[in-house]
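Here are a few friendly notes to read with the model open beside you. Take the points one at a time and find each residue as you go.

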Amino acid sequence: MSELQSVEAALASLLQGVTPLEGESVASELAAGRVLADEVIARLDVPPFDNSAMDGYALHHEDAGGRLPIAQRIAAGSEPQPLARGTCARIFTGAPLPPGADCVVMQEKVELDGDVASIPGQVPWDNNVRHRGSDVNAGSTLLSRGHRLDAAALGFLASQGIVEVAVCRRPRVALLTSGNEIVEPGQPLEPGQIYNSNRPMLKALLEQFGADVGFIASMPDDADGTRAMLALAAEQADVVVSTGGVSVGEEDHVKPAIEAIGRLDLWRLALKPGKPLALGRLDASDGREVRFVGLPGNPVSSFVAAWLFLRPLMGALLGCPRFANLPKFHARAAFDTRTGPRRHYMRVALNMAEGEVTAHAFPDQGSGVLASCVGADALALIPADTHIAEGDSVECLWLRGG
Ligand SMILES: Nc1nc2c(c(=O)[nH]1)N[C@H]1C(S)=C(S)[C@@H](COP(=O)(O)OP(=O)(O)OC[C@H]3O[C@@H](n4cnc5c(N)ncnc54)[C@H](O)[C@@H]3O)O[C@H]1N2
Ligand code: MOO
């Protein structure tokens, strides 16, 4: 048996020469999940004025401890008058602090007698005041290039009144599945046939990784048709992804087809599941070199390989550093396992009770058992030739972080 290659070497080969795609301008309200192509500079101080953090009374802190006439009422959205010393202002959360006031006392601590407020003594300067620019200063970097726009980032953009942002174009991916036995859900199953589970699973994963999966097809079962399909896919995509037909079988037309219209590198990785992997380049008619990634057909193998290879590839095309590596952490194994020459990426569900994270492995970790991926929060990474006993600490890769 020829020597198995490392996941890291295959990934480095896949990412070699990949640069971020060009930027495009989109409406901020449609930009959830997109990746910034440029840094965003703050236009405004946020908050734009000193304001109250509480419903209460604004005053000069040296006037605390006395009975102060209420000189004005300041609602959020209104413009305050200057506050004379020895008086206070009724004020509400978010309302601008009047000139002359430097603190706010919450109303629960104040006794009222008609239009006079009794303020307890010793109120610190600054009490319950949110200062202009305490969140963001105009001119500072609001968000960096490569930031994936999540809910908080969208709120942050809106706080600046920004309605349009420059984001990286979504990588266009063509997704091809193969195998005579594969039937689309909705069709009847004949003997020997199974439903196509890789197609919706990989489409969803690719979209989660930021791709636009615009071309989806089944690979024809003849050499000419396969070549034509791959060439057509390459015309409309930045990346062509296929599943199936990458092991040692003879029924496969993909390998010769790719070699006819590009280059192909077959990898046998020290990885379980997902040993066979095909990486290549297809030449599009406009001179573009389109990446080809041939994932194994076994659903679990293609699921794991998608996380290990397609996510960083989409990250490199989107200029999104957080997609380069899956977040790592340690958990306590709730299982016993031994590995051979291949590193095992076990699908585990996590239990986070009682201050400790425990990894529970689905009992059947076979590469055809998709049930092991359903409910998997992480991949427990078990090095080659290792025994992990129950209670040992195992390194895990987090799958729920987006
Ligand atoms: N003699 C050897 N046989 C196999 C080896 C090997 O080294 N020597 N490697 C095994 C490993 S590991 C894997 S992984 C698979 C990879 O096989 P292929 O990529 O060639 O995939 P297929 O043979 O086409 O299919 C494998 C398996 O997956 C099912 N499948 C395929 N596509 C889909 C789909 N879209 N939805 C659901 N299921 C799918 C297919 O029916 C097969 O059961 O090879 C091993 N064999
Ligand atoms: O590598 Mo295969 O994915 O073991 O089943």
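1. Helix α1 passes α6 in a right-handed crossing (right-handed if the near helix is turned clockwise from the far one by less than a right angle; helices are DSSP runs of H or I, at least four residues, numbered from the N terminus). This is a predicted model, where local features need pLDDT of at least 70 and side-chain atom pairs count only at pLDDT 80 or more, while totals for chains, interfaces and linings use all residues. Residues are numbered from 1 along each chain as its sequence is written, and chains are lettered from A and ligands numbered from 1 in the order in which they are written.

2. The axes of α1 (residues 7–15) and α6 lie 10 Å apart, at an angle of about 35°. On the α1 side, Val7, Leu11, Leu14 and Leu15 make the contact (C-beta atoms, placed from the backbone, within 7 Å). They meet Leu308, Phe309, Pro312, Leu313 and Ala316 of α6.

3. Leu310 is worth a look too. Beyond its neighbours within four places in sequence, Leu310 is in contact with Leu205, Leu206, Phe209, Val241 and Val293.

4. Now turn to the sheet: six strands form an open, mixed sheet in the order β7-β4-β6-β5-β9-β8 (strands are DSSP runs of E, at least two residues, and two pair if DSSP finds at least two bridges between them). β7 (103–106) and β8 (111–113) each have a single partner strand, so one side of each lacks a neighbour in the sheet.

5. Inside this sheet, β5 (residues 67–74) and β6 (residues 88–91) pair in the parallel sense over four bridges. Gln72 has Ala89 in β6 as its bridge partner.

Definitions and conventions: Two residues are in contact if their C-beta atoms, placed from the backbone, lie within 7 Å. Axes are lines fitted to C-alpha atoms, for helices over the stretch in contact, and angles run from 0 to 180 degrees between N-to-C directions.
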